[in-house]
Amino acid sequence: QVQLVESGGGLVQPGGSLTLSCAASGNGVRNIYIMGWYRQAPGKQRELVAEKPQIARPKYADSVKDRFTISKDNTKNLVTLHMNNRKPEDTAGYYCKVGVRVLEEDDDYWGQGTQVTVSS
């Protein structure tokens, strides 16, 4: 099992920056192979923002590439999302996601979400 605690959400002006963090704990953290961030705006489907595999390079959605940066600390089971040049369309609930792999079975764990609002 893995428990996720998210923090860092809030209000930021357009063009500003904000950093989200997600800490994972529990007896399943040793099997984490990927951590990432998703977001969901009202009336919209949840979409991938960025993800960081244990070894491979991170992957970003086209809408946030060159603006957002995801980092993962494997020793601390911590993933952060630094968001630059925030736009109003970035307003959404942001959710941390962790993938756990044991043999051929993959399990996903989700945080409860943190609200990010971009407004002047």
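Guide: A strand here is a DSSP run of E with at least two residues, numbered from the N terminus. Glutamate 6 is found in such a run, strand β1. Keep in mind that this is a predicted model.

Visitor: What makes glutamate 6 a buried residue without a salt bridge?

Guide: Buried means under 20% relative accessible area, and glutamate 6 is classed as buried. A salt bridge needs a side-chain nitrogen of Lys or Arg within 4 Å of a carboxyl oxygen. The nearest side chain of opposite charge, arginine 46, is 7.8 Å away. That leaves glutamate 6 with no salt bridge.

Visitor: Which backbone nitrogens lie within reach of the side chain of glutamate 6?

Guide: Polar contacts are pairs of N or O atoms within 3.5 Å. The backbone nitrogen of cysteine 96 lies 2.5 Å from a polar atom of the glutamate 6 side chain. For the backbone nitrogen of glutamine 112, the distance is 3.2 Å. Beyond four places in sequence, glutamate 6 also touches other residues, including Trp37, Tyr94 and Thr114.

Visitor: Why are β1 and β7 called edge strands?

Guide: Four strands form an open sheet in the order β1-β3-β8-β7, with antiparallel pairing. β1 (3-7) and β7 (68-73) each have a single partner strand, so one side of each is left without a neighbour in the sheet. From one strand to the next, the twist averages 15°.

Visitor: How do you know that β7 and β8 pair?

Guide: Pairing takes at least two bridges. β7 and β8 (residues 78-83) have six, in the antiparallel sense. Aspartate 73, for example, has leucine 78 in β8 as its bridge partner.

Visitor: What about leucine 18: buried or exposed?

Guide: Leucine 18 sits in strand β3 (residues 18-25). Its relative accessibility is 15%. The cut-off for buried is under 20%, so leucine 18 counts as buried. Its contacts beyond four places in sequence include Leu81, His82, Met83 and Val116. Aspartate 90 is 72 residues away from leucine 18 in sequence, with 11 Å between their C-alpha atoms.

Visitor: What do β9 and β10 form, and how many residues lie between them?

Guide: They form a hairpin with two residues between them. β9 (residues 92-102) and β10 (residues 105-110) pair in the antiparallel sense over six bridges. Again, at least two would do. Lysine 97 stands opposite tryptophan 110 in β10. In the turn, leucine 103 has a positive phi of about 55°.

Terms used: Residues are numbered from 1 along each chain as its sequence is written. This is a predicted model: local features need pLDDT of at least 70, side-chain atom pairs count only at pLDDT 80 or more; totals for chains, interfaces and linings use all residues. Side-chain values use heavy atoms; hydrogens and water are left out. Axes are lines fitted to C-alpha atoms, for helices over the stretch in contact, and angles run from 0 to 180 degrees between N-to-C directions. Buried means under 20% relative accessible area, exposed over 50%, partly exposed in between (1.4 Å probe, protein chains only). Contact means heavy atoms within 4.5 Å. Lys and Arg count as positive and Asp and Glu as negative; His and the chain ends are not counted. A polar contact is a pair of N or O atoms within 3.5 Å; within protein, one must be able to donate a hydrogen and the other to accept it, and residues adjacent in sequence count only if both atoms are side-chain atoms.
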